[in-house]
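Take a look at the chain shown here. What can be read from its packing?

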Amino acid sequence: MPSSLDSGPDQTINYDAIVIGSGIGGLVTATQLAAKGANVLVLERYLIPGGSAGYFERSGYRFDVGASMIFGFGDRGTTNLLTRALAAVDQHLETFPDPVQIHYHLPQNLDLKVHRDYEKFLQELISLFPYERRGIRQFYDTCWQIFNSLNSMELLSLEELGYLARSFWQHPGSCFRLLQYLPRNVGDYARRYIKDPILLKFIDMECYCWSVVPAAQTPMINAGMVFSDRHYGGVNYPKGGVGQIALKLVEGLEASGSQIRYRSRVNKIVLEQGTAVGVQLATGETYRGQQIISNATRWDTFGHLVDEVPPAEAKWRQRYTKSPSFLSLHLGVKAEALPTNLDCHHILLNNWDEIAEPGATVFVSIPTLLDPSLAPPGHHIVHAFTPSWVKDWQVRSQTQYNAQKQAAAQKLISRLQQIIPNLDQHIHHMEVGTPRTHRRFLGRQDGTYGPIPSRQLWGLVGMPFNRTAIPGLYCVGDSTFPGQGLNAVAFSGFACAHRVAKDLKL
Ligand SMILES: Cc1cc2nc3c(=O)[nH]c(=O)nc-3n(C[C@H](O)[C@H](O)[C@H](O)COP(=O)(O)OP(=O)(O)OC[C@H]3O[C@@H](n4cnc5c(N)ncnc54)[C@H](O)[C@@H]3O)c2cc1C
């Protein structure tokens with residue numbers, strides 16, 4: 001349990017920055033600012049930090065709440081933002097390299113693995129679609145162009161003119177290339193290079209499994225990151241579980257002289273003459289800060305923490321909508337249940353036409369294959385989740401809710417038996433999380449995973465940066481540029497801290 005649980009901050013201080021929420025976006029912002037000498041106060045409504053990258057412990061298991069396929073822990077380049085965020089406050093995490101990013105189990109017996117080794121992955125894909133050899137290479141090589149451009153420069157705030165000018169001066173080729181891809185979606189390039197309809201569906205799944213939309217709506221910049229970094233920095237699992245990332249960032253934050261306070265739900269952002277100057281907690285306590293940063297989603301910030309929804313936010317809500325939440329099954333299972341040579345991450349789908357239907361695409365992680373310390377000896381963790389809407393969980397009684405949870409869990413267990421036969425006979429512990437659980441414990445409206453385009457958009461162009469229409473108020477996290485995922489919200493945190501530091505003249 002974090003050490004600072006009971007130490008209260010001083011209400012008379014005017015903090016340099018107050019961060020509402022300790023998700024990875026909020027913590028990266030806070031630690032970056034603290035490392036620059038700012039006096040930061042982080043206020044978290046829950047008992048521990050991390051938000052969607054948090055954890056919980058039951059019966060000797062340490063379960064990841066959500067994220068477990070972690071990018072950003074590479075040891076070279078500039079896109080290894082988790083490594084860098086930790087290092088900025090003198091922290092480091094040991095990680096386990098994952099040799100396979102995903103083992104796909106898809107319709108029409110399309111069974112393949114995304115190996116860490118790029119050539120091995122391409123060879124496996126080409127062996128399934130030999131007549132698309134050229135198109136496959138062209139498509140994935142295009143993604144490398146984006147990645148190499150991003151990975152050649154420091155990733156900071158695009159709202160800071162000095163940084164923009166410096167980047168264009170030092171890396172003109174990379175900047176022009178990124179500008180070229182910024183308004184484009186993956187579908188544009190997939191269809192340009194690939195003709196086979198099943199292979200195009202596979203590319204849809206390659207996108208859907210992290211963007212929760214098909215290739216036609218997935219920004220090319222994000223795909224460049226994901227489809228290349230998995231072979232460069234790789235996917236690496238932090239020792240002790242994903243929750244360690246937030247705990248280490250908090251350790252670094254406190255060692256730098258700043259503070260975090262748990263069980264501190266912010267109810268209101270205090271405005272004076274239209275400028276954000278502080279926050280009020282549910283308890284009535286108030287804190288003043290020169291800059292206020294919300295790590296709550298934009299939907300939870302505007303119209304809630306501040307009464308108004310500025311016109312720019314209203315426009316954003318027309319362009320982006322809330323993605324579904326998830327139904328999550330956290331299982332502790334006996335080790336003998338698992339077949340040998342099982343990979344850590346799997347995606348299951350039976351019917352291409354149902355890819356985005358609730359319950360159809362199943363995401364599976366078995367992190368104890370990489371870090372056995374997360375479960376009692378002789379046991380493993382199996383985390384499976386599938387998209388689910390909060391509206392489908394509006395039941396009348398607790399009994400009904402529990403029955404619906406049990407039925408949904410049984411369905412997921414039978415899907416899982418495709419990769420773990422007889423799983424049902426080896427379950428030692430089971431927790432079921434619904435969209436209501438995500439809403440309650442993660443403080444996210446409707447338990448949403450994050451924003452998705454409500455129609456075809458110009459790539460990432462419409463995604464807002466960190467400044468908002470309210471002076472002194474910034475947003476950070478997955479409803480700001482460049483979107484969902486731990487490395488992406490870390491990017492948002494670096495950018496936010498950079499902008500705020502400039503405004504604080506640090
Ligand atoms: C099931 C699932 C699986 C996922 N898998 C992966 C994966 O494998 N790899 C990956 O990279 N990403 C994954 N993600 C996505 C990733 O976890 C998120 O994009 C990321 O963690 C979001 O971080 P954030 O900083 O934007 O906000 P959050 O994690 O939502 O954190 C926000 C924090 O703010 C706090 N808060 C909110 N409102 C208030 C308030 N009023 N007062 C005080 N505190 C407040 C919340 O309690 C929370 O701690 C997954 C997500 C889910 C749900």
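This is a predicted model: local features need pLDDT of at least 70, side-chain atom pairs count only at pLDDT 80 or more; totals for chains, interfaces and linings use all residues.

Begin with the largest nonpolar core, which holds 138 residues. Within this core, Ile 18, Val 40 and Ala 490 touch the most other members. Helix H15, residues 486–503, supplies the largest share of the core, with eleven residues. Look next at the contacts of Ala 490. Neighbours within four places in sequence aside, Ala 490 is in contact with Ile 24, Val 28, Gly 72, Leu 81, Leu 82 and Ala 85.

Now turn to a helix pair. Two packed helices are described by the angle between their axes and the distance between those axes. For helix H7 (residues 186–193) and helix H8 (residues 197–211), the angle is about 155° and the axes are 10 Å apart. Angles over 145 degrees count as roughly antiparallel, so H7 and H8 are roughly antiparallel to each other. Their crossing is right-handed. From H7, Val 186, Ala 190 and Arg 191 meet Leu 200, Ile 203 and Cys 207 of H8. The residues of this contact comprise five nonpolar, no polar and one charged.

Phe 129 sits in the loop between helix H3 (118–128) and helix H4 (133–150). Is Phe 129 buried, exposed or partly exposed? A buried residue needs 20 or more other C-beta atoms within 10 Å, and an exposed one has 12 or fewer. Phe 129 has 16, so it is partly exposed. Beyond four places in sequence, Phe 129 touches Ile 136, Asp 196 and Leu 199. Phe 129 and Leu 199 are 70 residues apart along the chain, yet their C-alpha atoms are separated by 7.5 Å.

Conventions
Residues are numbered from 1 along each chain as its sequence is written. Helices (H or I, at least four residues) and strands (E, at least two) are DSSP runs, numbered from the N terminus. Two residues are in contact if their C-beta atoms, placed from the backbone, lie within 7 Å. A nonpolar core is a set of buried Ala, Val, Leu, Ile, Met, Phe, Trp, Tyr and Cys residues joined through C-beta atoms within 7 Å. Axes are lines fitted to C-alpha atoms, for helices over the stretch in contact, and angles run from 0 to 180 degrees between N-to-C directions. Angles under 35 degrees count as roughly parallel, over 145 as roughly antiparallel, 65 to 115 as roughly perpendicular and the rest as oblique. A crossing is left-handed if the near helix is turned anticlockwise from the far one by less than a right angle, and right-handed if clockwise. Ala, Val, Leu, Ile, Met, Phe, Trp, Tyr, Cys and Pro count as nonpolar, Asp, Glu, Lys and Arg as charged, and the others, Gly among them, as polar.
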